[in-house]
Amino acid sequence: MYEFAIAWEWLALAVRWLHVITAIAWIGSSFYFIALDLGLVKRDHLPVGAYGEEWQVHGGGFYHIQKYLVAPASMPEHLTWFKWESYVTWLSGFAMLCIVYYGGADLFLIDRHVLDISATTAILISLASLGIGWLFYDLLCKSPIGRNTWGLMALLYVALVVMAWGYTQVFTGRAAFLHLGAFTATIMSANVFFIIIPNQKIVVADLIAGRTPDPKLGAQAKQRSLHNNYLTLPVIFFMLSNHYPLAFATAFNWIIAALVFLMGVTIRHWFNTTHARKGRPTWTWLVTALLFILIMWLSTVPKVLTGGEDRKAEVAPAFTRFAANAHFPAVKDTVSTRCSMCHAAEPVYEGITQAPKGVVLENDAEIAAHAREIYIQAGRSHAMPPGNVTDMTTDERQLLTAWFESAVEEGKTQ
């Protein structure tokens, strides 16, 4: 069974790799088409129904691109659809959510000092929030409010801030940020799956049947595409945030999340305005820098990270076998000697101000809870300590390996 931990780690890496690759493809095509759309120029010689054109140079050749706001008079023989990048990004991201947070709910999803719930309840809340969140967003877009694009975006921002606060009241800080990214990414991918692609297919079907397509279909798809454009950068931030406890494990983490959404708007506003040839609003970079400075301040004043007075002292039932194992006293000594100078509530290693990824290893509960990570990072591999700066010996690594594997074997017989 302990080999399952190794296989699970490789599975997580494979899915993460797929997720990153497809996300790059989706974000790249999304940014490209937004820039292309904003850069279109209307000229007198354009064909009937053409909205604008753009000349581009790349790869040693020139491209002449024309856009039809509704549709061309006749359908071309071949159409390239941009949808699978979105679908596979969401599916691989959901797989990552299952592997890391649902599979490790007691460690990564639930913080019983925040809300004492079972793993099953936490997972159901997670799933419900993603599904209900999309339904609420979709109904809002289709309501009379949806006719005002910027008013709708302001209301959606308020909803995202509420979700940020809500997630931090249920899950660990790390899981809250990850869920906020998943919540936003679900809206983005669902926009593609339920609105953008279906609307385009209706237009194609109308053209084939000789009917005049409804312009509202294109306008609706464009509105959802605009939302996706402004949400992309915050999603990337939340997906990367699990490496930075100063972002997710602070007292004001939900406010930090709210400011991240604003930074996404200011950054994209500069690019969108520039691509539309409407000037270069450099003030957006100043606003972005000020927002980031405010985030840095909020992350340290007051300095409330995972750990401190609310740290778990009792070993959770799921990890008692690791704390009860005969090797544990020696393992605790090894971890205290080789790991705790960084993985502490107040690290003493030079240059380390916060425990990496918020992982603190100073008491029995913390060490037992991170048994699998210790086994993989310092037992079965030499990833930790980095560069072996604390001179962990081969015997100590073998001890960590023996501890985890024997505890797993003992668990099978109980």
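Leu 286 is exposed, with a relative accessible area of 55% (exposed means over 50%, buried under 20% and partly exposed in between, with a 1.4 Å probe and protein chains only). The model is predicted, so local features need pLDDT of at least 70 and side-chain atom pairs pLDDT 80 or more, whereas totals for chains, interfaces and linings use all residues. Residues are numbered from 1 along each chain as its sequence is written, and side-chain values use heavy atoms, without hydrogens and water.

Leu 286 belongs to helix 10 (residues 283-300); helices are DSSP runs of H or I with at least four residues, strands runs of E with at least two, both numbered from the N terminus. Together with Leu 290, Phe 292, Ile 293 and Met 296, Leu 286 makes a nonpolar surface patch of about 520 Å².

Helix 14 (residues 371-379) and helix 15 (residues 394-413) pack at an angle of about 145°, and their axes are 9 Å apart. The contact (heavy atoms within 4.5 Å) includes Tyr 375 of helix 14 and Glu 405 of helix 15.

Glu 405 also forms a salt bridge with Arg 380 (3.4 Å, N to O); the term denotes a side-chain nitrogen of Lys or Arg within 4 Å of a carboxyl oxygen of Asp or Glu. Arg 380 lies in the loop between helix 14 and helix 15, so the pair ties together parts 25 residues apart in sequence. Glu 405 is buried at 17% relative accessible area, while Arg 380 is partly exposed at 38%. Shared partners join Glu 3, Arg 380 and Glu 405 into one salt-bridge network.

Note on methods:
Patch = residues over 30% accessible without salt bridge, like charges linked within 9 Å, V, L, I, M, F, W, Y side chains within 5 Å. Areas by Shrake-Rupley, 256 points an atom, 1.4 Å probe, with all protein chains shown as cover. Axes fitted to C-alpha atoms, helices over the stretch in contact; angles between N-to-C directions.
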